[in-house]
Amino acid sequence: MNLVLIGMPGSGKSTVGKILSQLLHMPLADTDDLVERSAGKTIPELFASEGEAAFRDRETAAAREAASLDGAVIATGGGIVLREENMRILAATGLIFFRDRDLEDILGEDHMGRPLVGKDPEKLRVLYAQRIDLYRKYAQYTISHTKTAEEAAARIAALYKEACQK
C-alpha cells in the first residue's frame, strides 16, 4: 500500500515525504518531480510556456505513474486534489494523508518558486479557501497541529503502520 501526502503548497509534503521514506524504508515519488522530469522544465517554466491546463494534464500522468508503484511514499503537488480523477487514481493504491498545516505558518515562508502564489500572500489565502474542503474530502487521515516536519512524519508513520496491520 502506498502512502500519499496531500496538502497546501508549502505545507511540507516533500520534506515530510523524504523523512517518511527514510523512517519506513520506502521509496519516495514526488509528483512535482515527475512532472518536471517528463516536461524537461521546472514547474514555473511549464506554467509560463504551456499554462496551468497543460501542467494539470502532466500532473494527472504523474499521479498515474506514482500510483503504479507498490509500497511508496508519494508526495503530491498542492493542486492534485483539483481533479477527482487524480484522487481516485491515488486512493486505489494508497492511503491518503492530509498535512493540515496552519495557514499562518505557511504564509511566513518563501513561495517564489510556486507559480500560483509567488510573492502575494493573499493568493495563498485564496488557494486555501478554494481547496481546504477538497483536502478534507479526500483525506483518510488528517494530520493537524504539528509544528515540524519530523513531528508530522512520526504521526503519519504510526498511523500508516497501524492501518497496514489491519
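Within helix α5 (residues 84–93), E84 and R88 lie four residues apart and are therefore separated by about one helical turn; helices here are DSSP runs (H or I, at least four residues), numbered from the N terminus. The two residues form a salt bridge, defined as a side-chain nitrogen of Lys or Arg within 4 Å of a carboxyl oxygen of Asp or Glu. The model is predicted, with local features requiring pLDDT of at least 70 and side-chain atom pairs pLDDT 80 or more, while totals for chains, interfaces and linings use all residues. Residues are numbered from 1 along each chain as its sequence is written, and side-chain values use heavy atoms, without hydrogens and water.

By the stated rule there are eight salt bridges, including the following.

| Pair | Closest N to O |
|---|---|
| E84 and R88 | 3.8 Å |
| E122 and R125 | 3.8 Å |

E52 is partly exposed at 33% relative accessible area, whereas R56 is buried at 8% (buried: under 20%; exposed: over 50%; partly exposed: in between; 1.4 Å probe, protein chains only). E84 is partly exposed at 46%, and R88 is exposed at 53%.

The axes of α4 (residues 52–67) and α5 come within 9 Å and cross at roughly 5°; axes are lines fitted to C-alpha atoms over the stretch in contact, with angles from 0 to 180 degrees between N-to-C directions. The two helices are therefore roughly parallel (angles under 35 degrees). Their contact (heavy atoms within 4.5 Å) involves E59, T60, A63, R64 and A67 of α4 and E85, N86, I89, L90 and T93 of α5.

Methods
Angles under 35 degrees count as roughly parallel, over 145 as roughly antiparallel, 65 to 115 as roughly perpendicular and the rest as oblique.
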